[in-house]
Every structure is written in structure tokens, then in C-alpha cells.
Amino acid sequence: MSDLILPTQIDLLHVSAVILLIATFGIVVRRGFSDWLHAYRYQTIILAGVVTLIAFVTSIWELYIVSALTLGIKAIIIPKVLFYVTKKLDSPIKLEMNPYVSLRISVIASALLVAMSYFMALQLPISSDKTISVFLPVSFSLFFIGLFIIISRRKALNQIVGLLTIENGLFLFAVVVTHGFSLIIEIGLMADILVGVIISSILLFRMSHTFDSVDIKNLESLRDD
Amino acid sequence: MIQGLFLLSSILEKKSISIFDGLFYLDSLSAIMIITISLVGFISSLYSVNYMGRQYDKLIVDRQKLVRYYQGFNMFLFTMLLVPISNNLGIMWIAIEATTLVSVLLIMLYTKQGSIEASWKYLLIATVGLSLALFGIILFYYANSVYDNSFNSIHGMDWTNMVKNAPQFDPNLVKFAFIFILVGFGTKAGLAPMHTWLPDAHSEAPSPISALLSGVLLNCAFYGLLRFHIISSYSIGPEFSNMLLIILGIISLGIAAASIYFQKDVKRMLAFSSVEHMGIISVSMGFGVFLGIYGAILHMINHAVVKSLLFFSSGSISQKYQTKSIADTSGIIKTMPITGFMFLIGGLAIIGMPPFNIFMSEFLMLSSGFSSENFLASGLVILFLVIIFASFGKHLLHMVFGNPKYEMEKGDLGKLSILPMIILVSVIFIMGIYVPEPLQTLIEDASKIILVGGANS
């Protein structure tokens, strides 16, 4: 099918890949809870767009449904749930005050991770066509930056956003490399993610109720001395 | 439970079942998982009645939470049963992730600070680990889709389909993917150094849930790992994955040995002992000879039974003593004779004393290790087992036979707390002396399924 790709489409691919990366960096550089959620939402909307694009190029009708599901569940419902949680949290300060790794260094680290992803994508023995060569490194970057967010931040909500970013990266990877799983698995994955977000929101409530904050420095009492 | 037995008999006849257009697939390996899950699930539901009843009386949980506990309990069993019956590896992943989510709900049943911390760590670490596994699964799926005509159809991710195409996979891709799978499912199976969530989650959960987590959930994750071990053995030969399994297993044993020695909390000690036993299973699988794999599968069952016995008895003990600290719990045999006796048997069995079942599978593992000429690995295993034997034994004897610190009312905690333990003890004794015929056939068949990859290459 790759011969059907027109130059304009390739440009579209590039542009969407760049916007995807920018949205991901938005999570890294901002401090506010709601900023992350906005960034995540943009990221997911673009992701859904990319999936539609791939569906158009490969003309696999299932991918249209998948992209609609992505838009519905991940871009609308999940941010709604998390916005609701942020609004209801007891703690007055809804900012990431001092993460384990400062924001400036985070940006540099994320940039290095992106570079590493491009390097890794070259090493992988995966046959390359236009879509793959554009999006494979981007999906790796999402994955690694998500991991980085989880380990470098102190607020529990940010860790959820990191998890969701990892998940987005995997989703993009699956769609690009294998043109998506079959529909039943996609639906199962979405259900898992949705339930996971709801459970972690309950946990966030409990946390802010018990510790008066969602800072994970409170969560260091269980250890072996 | 009864349905489990029914299914079991049909598997003995046909060797494998495939229903719903190949969406679900059962063979002897899954049958063993199902029988373990249903046995431990049944017994721990028996035990729950007494345990949660007491927590309710002590006003630790209210009625609403009790209802939520039983709902969660059954959901948890359901998701775990979904793991071994799904043929589609994507569905298997979804089921394993679902077990995480449901068990997080069960762990955070008590709104203590500890359980919130434990469930948060568990949720994050397990989910990140599993997302690595998903990455590996996608790579395997990709490797399969290159050679498969049924590309992008539902069968592209079927295990049976992948095994069929496995010899044609790109070896580098398979190696790369298997490492991700190993780290991912290894996290969930509690293999060190990805085990850090395990002691917290197991010690903070209600005791019947700890039994389920430790006895069968770890097995479920390991089962997922095994399925990919088989595929990669078909594809690149078993040496690569065997080596990785042995290394991870030995690290787990070492970390568990050190942690058990310095442990102060009963349930954490038991949790680390789970890490140890998952390590044993992994090493035993890694030896890659028939006897070792047989021993590993036997060990999965034995460990599930013994560990649930220990969690039940320690649950009763900590309810009686109102503490989980090893130092404060002493003289169990004087205050609660029957439970103390059960705890003693469980403890002796778990450190591998001869008349009990764990000894048998550990012995099988070691002899297979020497027969496959893995002397260094076997030597290290023996060393760590001796350390664990000594330190666990020391804690155990102190807890069972020491003098009670303060006067306490004598007596056990009701019939319903004793009955499940008696069932488990009798299973331990029987399995220690001989393995029943049908089970033996099942384990042999399952070992052959795992071993075939080695025989072909």
C-alpha cells in the first residue's frame, strides 16, 4: 500500500508526529495539575487523528472504530474523570512544586530520550515503510518520557499522567507496526485503562483524605530496615 | 471448584480444548493453573467467612466494605481464571492487568496509611511492568504477522498460531521481545529485582487475599511468562530464555534469603518467601530438562497450597495477638494449639523439610540441576536455601515455641478458621508422599508442552 502515499500525506505524518512530541513535552514542562491533563488531552486527540490517517492510508475499517474509541474514552472521558478528581482534591496547592528532577533538567533528559528513541528505532529489525519510520521513534519517545515522568515526579496525579503517556506510546506503536490489534482486544485494553484510571482516582481521594496531600513522599513508610 | 474438576477430567481425555472459534484454549498446563486457582480460591473463601467476620466484629470494616470485599473476591477469581483459558495473548494480557486492578481494590479495603501506600506502589509498578510486557507482546505479534496470512485477523495473536509460526521468527526480534516479556511478567510474578511491590502488597492485604495473591496470582503471571518461553524456545531454541530464567531466579533467591534473615514482620517474611519460591520455580524451569520442569510445575502447586496455609494461620495469629511483628508473637502453640500446630507444619513445609511436599519438588529441581550440569547455579541455590532454612526456621521456632509475652486467653478462632487449614494440611501430607495419578499425568503432559521447544531445536 505504501505506493499510495502521496507527498502531502507524508507531510501530514511529519507534522502530526511533531505535534505529538510537543504535546508530550507539555506534560514535562508544566507544573499545574490541569496543564498536564490539557496536554494529555491534546496528545490523545492528535493520536486519534494519526490513527484515522493510518486507517485512511491502509484502508482498514477497524482502525476508524479504534480511533473513535480513542477519542471518546481517552480524550473525553478520562480527562473528565481526572479533572473532576483535581477539582475535588482537598489539598489547596495543585502544582508540582519541587519534583525529584528539576523541570529544566527534565526537558533536557526528555530530549535525550527522544534522541535515544530515534537511535533505537534504527536498531530494531522491523521492516520500514513511511509510516513506520515516522512514528516508531515517536512511540518510543512517548513510552520513555512516560517512564521518566513516573520516576521523576512527586505528585501522584502526575504519575497517572505518566502511565497514560506510556500507554499512548504503546498504542501508537501497536497501530503503526501491526496496524492495531483486533477490535475485541482494543476494547478490552480501553476498558482496562478506564477502570485503572477510576481506581487510581479513588486511591488519589483516599490519599489526599489520609495524608492531606497527593505527594508521594508520604508513601515511604513501608520498608525493610 | 466443581466445575474446575469437571473441566479437568475432560482435559485428561482430550489433552486440549478449543472453544469460541479458538478464542479460548486449554491444555494440561492451563488445567494445572485452573485446579490450583479453584482449590486455593475455594479454601480461601471458606476462610474469609471467619476472618472477615472477625474484622467486622472489631469494626475494622463496615457492612458496605464487606459487600465490596466479596464482590472483589469473586471478580479477582474470575480474572485469574481468565488468564489460563485465553488463547489470545492480548486477552491474556488484559486479564492479567485486570487482576492487578481488582486486587488493588482489595488491598485498599482497609483505609490505613499502609494499605494506601501499598496499593499505590502495587498499581504503579505492576502496571508499568505489564506495559513493558505488552510492548514485548506487540513485538511477538509483529513477528507473527510478517509470516501469517491471517494478518490483522483475530487469530494473529493466538498462542497456538504463534507456536506454529515460531520457527520462522526473526531471532533478534524474538530475543529483544522476550527480554521485555521477562521483565514485564517477571515484575508481576515477583521475580527480583522487580519484586519491590510484593512485600508491601502482600503484607497489607487482608489475609485471605494475601493467600490468593501469593499462592495463585504469582503463578498466573508466571504462566504468562511460560507461554512466551515456549514460543521463544520454538523459535530460537531454549538456551537463551533458560539462561535468563536461571539468572533472575537466583537473584530472587539471594534477595529473599537476605530479607528473610532480617525480617521483623510475619507477613512480609511470608511475602519474601514467595519471592524465594518464584525464584526456585524459575530456576527449575531454566534448567530445561524434563525432571526440572516437572519439579517446577509441581512446585507451583505445592507452593500455592503451603503458602495459603501459612497466610491463613498467620492471619488468625495476628488477629489473636493484634500484631504482625515477629518479636511480639511468641508461644503460639500455647495460646492457640491447633492454629499453632498448623503454622508449624506450614513453616516446616515451606523451608523444605523432608516429609512434606515442597521437599519433593525442591529435590527434583536440584537433581535436575546437577543432571543438566548447572553446577554453579545449583550450588548457589543450595547455599541460599540453607540460609533461608536457618533464618526462617529461627523465626518459626521463636514464634511457635517461645514463651508468650503476656497472659492471653487460650483457644483458637472458631471452626471455620480451622477447617480450611486442616484441608490444606492434609493436601500437603498427601502431596508429600505421592502425587495422585491424574495429577501426575497432567503434570507430565504439561512438562512435555514446555519441553517440546527444546527437543525440536
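Which residues have the most contacts inside the largest nonpolar core? They are A:Leu172, B:Ile32, B:Ile138, B:Leu309 and B:Ile428. Keep in mind that this is a predicted model.

**View 1. The largest nonpolar core, with 236 residues.** Helix H5 of chain B, residues 113-147, brings the largest share of this core, 21 residues.

**View 2. B:Ile138 and what it touches on chain A.** Leaving aside residues up to four places away in sequence, B:Ile138 touches A:Phe173, A:Ala174, A:Val177 and A:Thr178. B:Ile138 is also among the residues with the most contacts inside the largest nonpolar core.

**View 3. Where chain B meets chain A.** Here 41 residues of chain B and 35 residues of chain A make the contact. H5(B) gives the most, 19 residues. Sort the chain B side by type and you get 22 nonpolar, 13 polar and six charged residues.

**View 4. Two helices of chain B crossing, H12 (residues 290-321) and H15 (residues 357-371).** Their axes come within 8 Å and cross at roughly 155°. An angle over 145 degrees counts as roughly antiparallel, so that is how H12(B) and H15(B) run relative to each other. The crossing is left-handed. Among the residues making this contact are B:Leu291, B:Tyr294 and B:His299 of H12(B), along with B:Ile358, B:Leu364 and B:Met365 of H15(B). As for the kinds of residue in this contact, eight are nonpolar, 11 are polar and none are charged.

Key. Residues are numbered from 1 along each chain as its sequence is written. Chains are lettered from A and ligands numbered from 1 in the order in which they are written. This is a predicted model: local features need pLDDT of at least 70, side-chain atom pairs count only at pLDDT 80 or more; totals for chains, interfaces and linings use all residues. A nonpolar core is a set of buried Ala, Val, Leu, Ile, Met, Phe, Trp, Tyr and Cys residues joined through C-beta atoms within 7 Å. A residue is buried if 20 or more other C-beta atoms lie within 10 Å of its own, exposed if 12 or fewer, and partly exposed in between; C-beta atoms are placed from the backbone. Helices (H or I, at least four residues) and strands (E, at least two) are DSSP runs, numbered from the N terminus. Two residues are in contact if their C-beta atoms, placed from the backbone, lie within 7 Å. Axes are lines fitted to C-alpha atoms, for helices over the stretch in contact, and angles run from 0 to 180 degrees between N-to-C directions. Angles under 35 degrees count as roughly parallel, over 145 as roughly antiparallel, 65 to 115 as roughly perpendicular and the rest as oblique. A crossing is left-handed if the near helix is turned anticlockwise from the far one by less than a right angle, and right-handed if clockwise. Ala, Val, Leu, Ile, Met, Phe, Trp, Tyr, Cys and Pro count as nonpolar, Asp, Glu, Lys and Arg as charged, and the others, Gly among them, as polar.
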